[in-house]
Amino acid sequence: LIFPMWEAEKPEKSQTDEIFAKTPSLKILCMDDEPMLRTLVKDILEKDGHQVKAVDGGEAGIEAFQNSLEAGNPFDLVITDLGMPRTDGRKVIQVIKEVSPQTFVILLTGWGGRMAAEGSIPSAVDLILGKPPRLAELRKALCQAAGKKQSWGEGKLSPNGEKRSTE
C-alpha cells in the first residue's frame, strides 16, 4: 500500500502570539516548593528568552531578591507560590513590595477563586494565576509585567508605582 503524504496545516499566528513576540526579555525570580513546577516554569520562560532564577521556597526567594537589589540588578518580575512551608507567599509579597514596590508580583495558587470570593487576596499582588499556570495566561502576564516595566522606565510611573507628573 502506498499512502499519500499528509502535511499538517501550520496554525495561523494569533494576535496573542504577535503581542508576545514583542515582549522584551525579563529577569524573573520564580519560587515554589514543588520542584516539578519550578522546573517547568523555568524551562518554559527560558525557552521564551527570559532570564529565570528558580528557588526552593520563600526564604530562598527573599534572599535571592535582596541579593539582586544589593548587586544593582533587580528582578523585573517575581512569581511566587502561595502555600510554602516556613515562609509563605503572603510574607514573600509583603517583603518584596516593601523594598521594591514597582516589582510586578504574580501569585500562583490553586485557591484563587476561593480567595477572590472571601476577599483574601493580598492587596500588593499584581496578578493571580492558577496552578499549574496555563502557558497562554503566563505569557499574557509577562506582557503585562513588561508593560509596567516600560511605563516605569519611561518616567510615567515612579518606583513605587504611582503616576509621575510629566512636567
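In this predicted model, the face of helix 2 turned away from its buried side carries the exposed residues Met36 and Lys47. The buried residues of this helix are Leu37, Arg38, Val41 and Leu45. Viewed down the axis of helix 2, these buried residues fall within an arc of 100°, so they line one face of the helix. Helix 2 lies across strand 1, strand 2, strand 3 and strand 4 (104–108), which belong to an open sheet of five strands.

**Helix 2**

- Helix 2 covers residues 35–47, and its 13 residues should span 18 Å at 1.5 Å a residue; the end C-alpha atoms are 18 Å apart, which agrees.
- An α-helix has 3.6 residues a turn, so residues three or four places apart point the same way.

- The order of the five strands is 2-1-3-4-5, and their pairing is parallel.
- Strand 2 (51–56) and strand 5 (127–129) stand at the edges with a single partner strand each, so one side of each has no neighbour in the sheet.
- From one strand to the next, the twist averages 20°.
- Strand 1 (residues 27–32) and strand 3 (residues 77–81) run parallel and are joined by four bridges.
- Within this pair, Cys30 has Ile79 of strand 3 as its bridge partner.
- Helix 3 (residues 58–70) also packs on the sheet, where it touches strand 1, strand 2 and strand 3.
- The direction of helix 3 makes about 160° with that of strand 1.

**Thr80 in strand 3**

- Thr80 has its place in strand 3.
- Thr80 has a relative accessible area of 0% and is therefore buried, the cut-off for buried being under 20%.
- Leaving aside residues up to four places away in sequence, Thr80 touches Met31, Gly89, Val92, Ile93, Val105, Ile106, Leu107 and Leu108.

**Helix 3 against helix 4**

- Two packed helices are described by the angle between their axes and the distance between the axes.
- For helix 3 and helix 4 (residues 89–99), the axes come within 10 Å and cross at roughly 10°.
- Angles under 35 degrees count as roughly parallel, and helix 3 and helix 4 are therefore roughly parallel to each other.
- On the helix 3 side, the residues that meet helix 4 are Gly58, Ile62, Phe65, Gln66 and Leu69.
- Their counterparts in helix 4 are Lys91, Val92, Val95, Ile96 and Val99.
- Val92 of helix 4 meets helix 3 and is also one of the residues that Thr80 touches.

Methods
Residues are numbered from 1 along each chain as its sequence is written. This is a predicted model: local features need pLDDT of at least 70, side-chain atom pairs count only at pLDDT 80 or more; totals for chains, interfaces and linings use all residues. Side-chain values use heavy atoms; hydrogens and water are left out. Helices (H or I, at least four residues) and strands (E, at least two) are DSSP runs, numbered from the N terminus. The expected span of a helix is 1.5 Å times one less than its number of residues. Buried means under 20% relative accessible area, exposed over 50%, partly exposed in between (1.4 Å probe, protein chains only). The arc is that of the directions from the helix axis to the C-beta atoms. Two strands pair if DSSP finds at least two bridges between them. Axes are lines fitted to C-alpha atoms, for helices over the stretch in contact, and angles run from 0 to 180 degrees between N-to-C directions. Contact means heavy atoms within 4.5 Å. Angles under 35 degrees count as roughly parallel, over 145 as roughly antiparallel, 65 to 115 as roughly perpendicular and the rest as oblique.
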